[in-house]
Amino acid sequence: MTDDRKITEGLLDFIAKSPSAFHVIANMESELLAEGFEYLPENQAWEIRAGGSYYTKRNDSSLIAWKMPEGEAKGFHIAAAHSDSPTFLLKEQPEKKGEYYVRLNIEKYGGMLLSTWLDRPLSVAGRIVVQEADGVKSRLVNIDRDLLVIPNLAIHMNRTANNGYEYKVSKDMLPIYAEKEGKSLLNLVADETGVAEEDILGQELYLYVRETGHIIGRDEEWMMSPRLDDVQCVYSILEGIKDVTPKQYIPMAAVFHNEEVGSSTRQGADSTFLSDVLHWISEAVGESYGTCQRKIADSFLISADNAHGVHPNHPDKADLTNRPKLNGGVVIKFHGNQKYTSDAMSAGYLRLLCKEAQIPSQTYYNHSDILGGSTLGNIVTSHVSIPSADIGAAQLAMHSAMETAGTSDTGYLLALMKQYFAK
């Protein structure tokens with residue numbers, strides 16, 4: 001088995017086990033605990049020792065993990081990504097009864113390619129909040145079977161469908177759940193999780209695509225999978241920090257929720273989560289606020305979120321001269337209006353890291369006449385004033401229910417993270 005295939009299969013397995021942002025964090029936590037990381041709750045004073053490995057989390061959907069060097073740290077080497085992907089959120093009391101079918105009421109979460117969700121086996125995952133003797137507790141939910149479908153309208157009934165169609169979520173995108181009235185979705189969730197329905201006090205449930213990842217292409221050069229944006233980067237950061245031995249800097253993996261909807265939540269990149277953790281670490285090792293701020297000035301942030309590769313059927317949508325390709329290496333992202341944080345200095349440091357790791361790099365700019373997206377780098381740096389660069393792996397069909405990326409690029413990202421975290 002080649003290294004590329006082994007790494008890709010590891011990524012696809014992680015994605016398959018992570019049908020929601022809550023599962024991404026739970027699976028990260030499981031792997032970190034297996035590697036000897038210690039959980040530090042936010043609501044308790046921290047005790048930190050040289051050479052230790054730690055993590056904390058917020059709202060079960062964001063997590064920050066780090067390792068302490070044996071000597072005094074000069075600063076922090078942070079890599080950030082996001083746990084969420086575009087999907088449909090189930091509203092409470094979702095059953096919509098109609099002629100012949102029971103449908104479920106949903107709304108969009110993030111910017112979606114709606115048509116790609118049609119005619120696929122779907123199910124439900126996320127979390128519920130349950131009443132227990134000592135208060136309320138969060139429980140993961142994954143109805144691990146083919147449960148739902150959003151059926152397309154036949155071409156015979158919509159002859160102009162191939163000429164462009166505007167999908168209405170409340171009309172075209174409601175999944176069918178059952179043929180007749182009966183067990184509610186919440187009752188099904190209760191059965192699946194082993195709790196009483198009357199003990200469920202809250203829910204955050206999402207649709208997910210049941211299809212798992214594939215390795216494709218004549219030479220197995222590509223992969224197709226749901227949620228590559230941004231679990232591909234999450235996985236690379238996680239694997240990069242697990243077995244590294246830091247020297248002068250504190251390596252830190254920061255995974256935030258709600259990037260796809262603007263990050264402005266208490267567990268998002270637009271919160272105090274990262275700055276809180278940086279200062280709590282300094283406090284635990286006996287450093288002053290001023291010392292922490294000076295160390296932040298000598299730190300670095302990699303904002304890792306996938307980039308658009310040149311589309312084979314629409315090459316005109318790419319920039320004229322900066323045209324990333326799948327398997328072309330780590331993509332460094334630039335934007336004149338600062339939606340990406342890379343500048344000459346930070347990009348130069350990234351290129352140096354890539355040279356040291358012996359991996360290729362390439363550059364991305366939006367086409368000058370096409371409005372692009374944004375990510376979490378500039379949001380984080382509005383709270384923590386730190387040099388930063390935005391990177392990712394090149395992919396096709398971003399925000400589709402199934403996305404395509406190169407089988408070499410996860411290995412490139414992983415090699416970069418190991419080189420960066422070992423500083």
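Biologist: What do β19 and β20 form, and how many residues sit between them?
Modeller: β19 and β20 form a hairpin, with 6 residues between them. In the turn, Ala397 has a positive phi of about 60°. Strands here are DSSP runs of E, at least two residues; helices are runs of H or I, at least four, and both are numbered from the N terminus.

Biologist: What kind of model is this, and how are residues numbered?
Modeller: It is a predicted model: local features need pLDDT of at least 70, side-chain atom pairs count only at pLDDT 80 or more, and totals for chains, interfaces and linings use all residues. Residues are numbered from 1 along each chain as its sequence is written, and side-chain values use heavy atoms, with hydrogens and water left out.

Biologist: Are the faces of β20 covered or open?
Modeller: Both are covered. Glu403 and Ala405 are buried on one side, Thr404 and Gly406 on the other. Buried is under 20% relative accessible area, exposed is over 50%, and partly exposed is in between (1.4 Å probe, protein chains only).

Biologist: Why do neighbours point to opposite sides?
Modeller: Because side chains in a regular strand alternate between the two faces of the sheet.

Biologist: Switching to the 9-strand sheet. What is its order?
Modeller: β1-β2-β3-β13-β4-β14-β18-β16-β17, an open sheet with mixed pairing. β1 and β17 (361-364) stand at the edges with a single partner strand each, so one side of each has no neighbour in the sheet.

Biologist: How do β14 and β18 run?
Modeller: They run parallel, joined by 4 bridges. β14 is residues 300-304 and β18 is 388-392. Ala304 has Ile391 as its bridge partner in β18.

Biologist: Which helix packs on that sheet?
Modeller: α10, residues 409-421. It touches β4, β13, β14, β16 and β18, and its direction makes about 155° with that of β4. A contact is heavy atoms within 4.5 Å. The angle, on a scale from 0 to 180 degrees, is between N-to-C directions of axes fitted to C-alpha atoms, for helices over the stretch in contact.

Biologist: Where is Asp270, and what does it touch?
Modeller: Asp270 is in the loop between β13 (249-256) and α6 (273-284). It touches Ser263, Ser264, Ile379, Ser382 and His383, leaving aside residues up to four places away in sequence. Its C-alpha is 6.2 Å from that of Val380, 110 residues apart along the chain.

Biologist: What is the volume of the largest cavity?
Modeller: About 260 Å³. It has 26 lining residues, and those closest to its centre are Pro19, Ser85, Pro86, Thr87 and Arg227. β10 gives the most to the lining, with 4 residues.

Biologist: And what lines the second largest cavity?
Modeller: The lining includes Phe256, Ala269, Val380 and His383. The volume is about 40 Å³. α6 supplies the largest share of the lining, 3 residues.

Biologist: Last topic. What volume has the largest pocket, and what is nearest its centre?
Modeller: About 1,000 Å³. Of 41 lining residues, His308, Tyr364, Gly372, Gly373 and Met398 lie nearest the centre. The lining divides into 15 nonpolar, 19 polar and 7 charged residues. Ala, Val, Leu, Ile, Met, Phe, Trp, Tyr, Cys and Pro count as nonpolar, Asp, Glu, Lys and Arg as charged, and the others, Gly among them, as polar.

How values were computed
Two strands pair if DSSP finds at least two bridges between them. On a 1 Å grid over the protein atoms alone, a cavity is a set of points where a 1.4 Å probe fits but cannot get out, and a pocket is an open set with protein on both sides within 12 Å along at least five of seven lines; lining residues have an atom within 4 Å of a point. Grid points are joined across faces, edges and corners, and a volume is the space filled by probe spheres set on the points.
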